[in-house]
Amino acid sequence: MTLLRADHLIKRYGGLTVTDDVSMTVNAGEIHAVIGPNGAGKTTLIGQLSGEIKSNSGTISFDGNDITALPIEQRVRRGLARSYQITSVFPDFTALQNVALAVQAQRGHSFRFWEPTTVARELNDPAHQALELVGLASRAGTRVGDMAHGEHRQLELAMALACEPRMLLLDEPMAGMSQRESETMTELLLRLRGKYAMLLVEHDMEAVFALSDCITVLVYGKKIASGTPDEIRRNEDVKTAYLGEEDDDLAAHPAAQEA
Ligand SMILES: Nc1ncnc2c1ncn2[C@@H]1O[C@H](COP(=O)(O)OP(=O)(O)OP(=O)(O)O)[C@@H](O)[C@H]1O
């Protein structure tokens with residue numbers, strides 16, 4: 001079942017077309033990766049889908065409803081959540097407090113007339129569940145400023161999950177991670193697959209090929225290919241697009257060399 005559908009999205013900055021007529025679909029429960037060389041427009045596309053960036057043209061529908069004109073918070077309430085950047089957390093607060101604040105932000109003002117103890121439970125229970133889901137239950141009382149980088153990225157995910165999404169937009173969840181941390185995040189996303197649809201922008205090709213049901217390749221804002229990991233590995237246009245890329249060289253990656 002198609003959960004998210006983007007049709008003919010265009011984003012221009014002056015004379016530069018950053019998203020160039022991109023159409024794609026993401027099915028419920030599936031992990032759909034968007035890859036491409038630096039500057040291909042991946043982060044911009046995520047911004048357009050989340051509502052942070054206004055498209056010049058094109059439409060986005062979620063669960064069959066047109067959400068093109070909806071602001072971020074209304075998209076979140078419908079179940080389309082972008083993983084928070086760690087810069088938006090409070091380092092002196094605990095992990096639990098930060099996730100509880102994300103729950104509160106998502107639920108808006110509905111607690112105004114409630115008893116404080118009820119408010120605390122209504123915020124802390126889903127926050128605890130989200131921490132449990134990402135494997136941070138034992139760190140609930142830890143000050144966020146004292147947590148490791150990998151744990152910060154898990155926390156960002158917990159904050160997005162606390163909003164009870166149906167689909168997550170994940171912009172480089174493995175960025176800056178050690179090999180071990182990256183493997184932990186890959187295992188975590190694999191556990192969440194099926195329950196949540198995910199659009200994943202990631203430079204770690206090992207993770208992308210291990211996780212994805214479908215991969216879309218962007219180059220200079222244009223979609224040049226979309227298909228299963230096997231189809232993408234074998235695609236000549238994709239191999240050509242990545243030649244010369246030192247860091248992200250798809251052709252040089254073990255996952256790609258299996259083909
Ligand atoms: N606000 C902006 N104003 C002007 N140009 C922008 C703006 N945001 C992005 N761009 C340009 O759009 C292009 C795509 O940027 P974007 O960050 O979406 O690419 P990306 O594929 O996510 O790159 P990376 O892999 O390096 O994160 C780049 O050329 C970038 O310089």
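View 1. The model is predicted: local features need pLDDT of at least 70 and side-chain atom pairs pLDDT 80 or more, while totals for chains, interfaces and linings use all residues. Residues are numbered from 1 along each chain as its sequence is written, and side-chain values use heavy atoms, leaving out hydrogens and water.

**View 2. Helices at the second largest pocket.** Of the 15 lining residues, Q179, S182, D204, E206 and A207 lie nearest the pocket centre. Both α6 (179-192) and α7 (205-211) supply at least two lining residues, and the largest share, four residues, comes from α6. Helices are DSSP runs (H or I, at least four residues), and strands likewise (E, at least two), numbered from the N terminus.

**View 3. The largest nonpolar core.** Within its 37 residues, V99, L131, L157 and L189 touch the most other members. Such a core is a set of buried (under 20% relative accessible area, 1.4 Å probe, protein chains only) Ala, Val, Leu, Ile, Met, Phe, Trp, Tyr and Cys residues joined through side-chain atoms within 4.5 Å. Elements giving two or more residues to this core include α3 (95-107), β7 (167-171) and α6.

How values were computed
On a 1 Å grid over the protein atoms alone, a cavity is a set of points where a 1.4 Å probe fits but cannot get out, and a pocket is an open set with protein on both sides within 12 Å along at least five of seven lines; lining residues have an atom within 4 Å of a point. Buried means under 20% relative accessible area, exposed over 50%, partly exposed in between (1.4 Å probe, protein chains only).
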